[in-house]
Amino acid sequence: MTVVADTRIPIFDAHLDLAWNALSFNRDLTLSLNALRSVEKNLTDGPYRGRATVTIPELRKARLRVCVATLLARAGPQVPRQPPVRRIDLDYAHPSIARAQARGQWAYYQWLEQQGWIRLLRSTDDLQAHWNAGSEGPLGIILSFEGCDPITDPDDAHAWYELGVRVAGLTHYGIGQYAFGTGTSGPLQPAAQALLCTFETLGIALDVTHLCDESMAEALDLFNGPVLASHHNCRTLVPGERQLSDEQIERLIARDAIIGTALDAWMLHPGWIRGKTDRNVVHIAAIADHIDHVCQIAGNTKHAALGSDLDGGFGYNQVPVGLDRYTDLHSLAGILDMRGYSERDIDRVFHGNWLRFFSRCLG
């Protein structure tokens, strides 16, 4: 199937690991995408080398106006691990070290802002002014924790808020300081309730992505602030606890949450095995399947959006056919159009729903 890309639609993406890519994989994200691939063409430390899909010039070319960009470091009770531990690994021996790594990632965003590449968005006024200015300027960034291990105690959240953090997911893979995450099962950790109360007070939105079922249910019971699922797909289409069940989707919709579809192939194709499954088994149209499933449950297009997670530890080797670089994401507009989605619906998916959500919750 050949789909003509529509590059006119602005994009709001709820999940990109920009600073983690820079610090952990030594990537200069100010390069063009072709230049970054060329730099990495002889590197062999991972299958993602030479297959990046994201740099800041590429994002701007794609008319990405705003993204939620992460701070990512783990220090759960499953560590310390036996040495040697590569520093591209996420796990650290103590939350204080994870905190230092996250501060380093924040410093990278700060440098990018000083150089005019990005603008940190801290308030509704910031977001609206940035969006209305169009796509010619810097990339708008909303800071998020993908796992709260770097928050050494609930009071520490105040310092991170002052640095610009406006979204936080309690955990990542494994068992974190505050919750059980992907690949595990269990309740919230003892300090989680106090942290969630602090988030409510500060106005930090809760991202339920990566929470195991039990921890997610408990978090939704305890937290009364805005909630989202930044990069989460549908369990009915691709079985697995990393995905959202229909019941979870219904509960999130009842909270007026937005669900961002992730573009990682193992979340789009049943039975995908990392490093073994050929990407040709899944086409970019699979992304539309998950968007459509959320819309069918909601009965409207007000809760489905994009949370690409592109270059989240993988490259185009682990994304659907038809998506070799970030600008290819515009092909999704043509697919949704062929499925009967209106221009207004497509605008909601590409940016409108996240824009509405963050305009409401940033404060």
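The largest cavity in this predicted model has a volume of about 60 Å³, and the structure holds three cavities of 30 Å³ or more.

**Lining of the largest cavity**

- The largest cavity is lined by 15 residues, and those that lie nearest its centre are His15, Phe145, Glu146, Asp207 and Ser230.
- Strands β1 (11-16), β2 (64-71) and β4 (139-146) each contribute at least two residues to the lining of the largest cavity, with β4 giving the most, namely three residues.
- Sorted by class, the lining of the largest cavity comprises ten polar residues, three nonpolar residues and two charged residues.

**Packing of α9 and α10**

- Two packed helices are described by the angle between their axes together with the distance between those axes.
- On the α9 side the contact is made by Asp246, Ile249, Glu250 and Ile253, and on the α10 side by His293, Val294, Ile297 and Ala298.
- The contact of α9 with α10 has, by class, five nonpolar residues, two charged residues and one polar residue.

Technical notes:
Residues are numbered from 1 along each chain as its sequence is written. This is a predicted model: local features need pLDDT of at least 70, side-chain atom pairs count only at pLDDT 80 or more; totals for chains, interfaces and linings use all residues. Side-chain values use heavy atoms; hydrogens and water are left out. Contact means heavy atoms within 4.5 Å. Helices (H or I, at least four residues) and strands (E, at least two) are DSSP runs, numbered from the N terminus. Ala, Val, Leu, Ile, Met, Phe, Trp, Tyr, Cys and Pro count as nonpolar, Asp, Glu, Lys and Arg as charged, and the others, Gly among them, as polar. On a 1 Å grid over the protein atoms alone, a cavity is a set of points where a 1.4 Å probe fits but cannot get out, and a pocket is an open set with protein on both sides within 12 Å along at least five of seven lines; lining residues have an atom within 4 Å of a point. Grid points are joined across faces, edges and corners, and a volume is the space filled by probe spheres set on the points.
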